[in-house]
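Thank you all for coming; I would like to walk you slowly through one model this morning. Please keep the sequence and the structure in view while I talk.

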Amino acid sequence: MKSFNEVFETYNWDDTQASIYDKTAADVERALSSTQRDLEDFKALISPAALPYLEEMAQISQRLTLDRFGRVIQLYIPLYLSNECNNICTYCGFSYDNKVRRRTLNPMEIMQEVAVIKGMGYDHVLLVTGEANQTVHTDYFKKVLDLISPHFAHISMEVQPLDVADYETLIPHGLNTVLVYQETYHQEDYRKHHPKGKKSNFLYRLETPDRLGQAGIHKMGLGVLIGLEDWRTDSFFTALHLSYLEKQYWQSKFSISFPRLRPFSGGLEPKVAMNDKELVQLICAYRLFNSEVELSISTRETQAFRNQVIKLGVTAISAGSKTNPGGYQVEPQSLEQFEISDERSAQEIAEMIRKQGYEPVWKDWDMSLIRKSC
């Protein structure tokens, strides 16, 4: 079966970057007037030439989002299970060479965290771990899913890439969605930021969404860590990846996230900074390119920014997040993966959404309905 690697190998990073920065106002206007936008249109919409058209992009983005998703914003929350990790990653607080106390939550501790999360109102949880195959492996994930699936309608995971058989094993235990960020599609910079551990294998990570599609996962999330490389070029390759996956695995759903590099213990400064206006541009560009894809904003972003983008194309938002294992109840002071920017509670975020004329929804879809239809 064809994989994305074969598509990816036909593109050159420098040529792609140059083609984005060569786009003109005429290219942007052509993209805005089109009803069926392609990857060349996406290049125009993320190019510097599109910045003067941001208001028009925002208006179209809002209309397309309302037509497809209505006035609904999904709320989700991460549950960090472990900060153990065998990888060295230059941008992450969990990196193997960061000398901090490691811990992996046991069943009792997990249920303490679940109780707090349920008390906030959540029915959609995102499980997050470092990448430590000896500790947080498929058997551990099975036990966690069996433990918490009676309490949540939707369970997502952001853990180390697994093989097809592993994903096939986890789906019956309640796994709905898997997020896997390539971090950057620039191969040389990828190696620089991942010098040790299984994550250093660029191509294995690049093929993870293919393995998810082959396993029949309901939804997969894509994205890059904005700040590692030129965000426009990385975003083009994410859009290319999305287009390939939608054609190859048409039964799955897809989401895009926009994590900007945030401070952490031992921090890395962004190589390429992205300002708020440019992030709005990128969000709108994705919506104009693909009216079906879900767009998610995390608590990495500021309160003011998250308030602003609710009406511009975003469909999912996290709230009340903790990025450390046990952060809600068991050990609130343990090391965070990165610093939270928007520290408002889930209820405060829900009220903000309502004030803007939208409805906060605490779960995505109910697995019981899927099981009944099978």
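Let me begin with a term: a residue is called buried when its relative accessible area is under 20%, exposed when over 50%, and partly exposed in between, with a 1.4 Å probe and protein chains only. By that rule both Tyr185 and Phe237 are buried. What you see is a predicted model, in which local features need pLDDT of at least 70 and side-chain atom pairs count only at pLDDT 80 or more, while totals for chains, interfaces and linings use all residues. Residues are numbered from 1 along each chain as its sequence is written, and side-chain values use heavy atoms, leaving out hydrogens and water.

Turning to the rings, Phe, Tyr and Trp (its six-membered ring) pair if their centres lie within 6.5 Å, and planes under 30 degrees apart count as stacked, over 60 as edge-to-face and the rest as tilted. There are 17 aromatic pairs in the structure. One of them, Phe4 with Tyr244, is tilted, at 5.6 Å centre to centre and 50 degrees between the planes. Because Phe4 belongs to helix H1 (residues 4-8) and Tyr244 to helix H12 (residues 231-248), this pair ties together parts that are 240 residues apart in sequence; helices here are DSSP runs of H or I with at least four residues, strands are runs of E with at least two, and both are numbered from the N terminus. Phe4 is buried at 0% relative accessibility, and Tyr244 is buried at 8%. As for Tyr185 and Phe237, their planes stand at 20 degrees with the centres 6.0 Å apart, so that pair is stacked.
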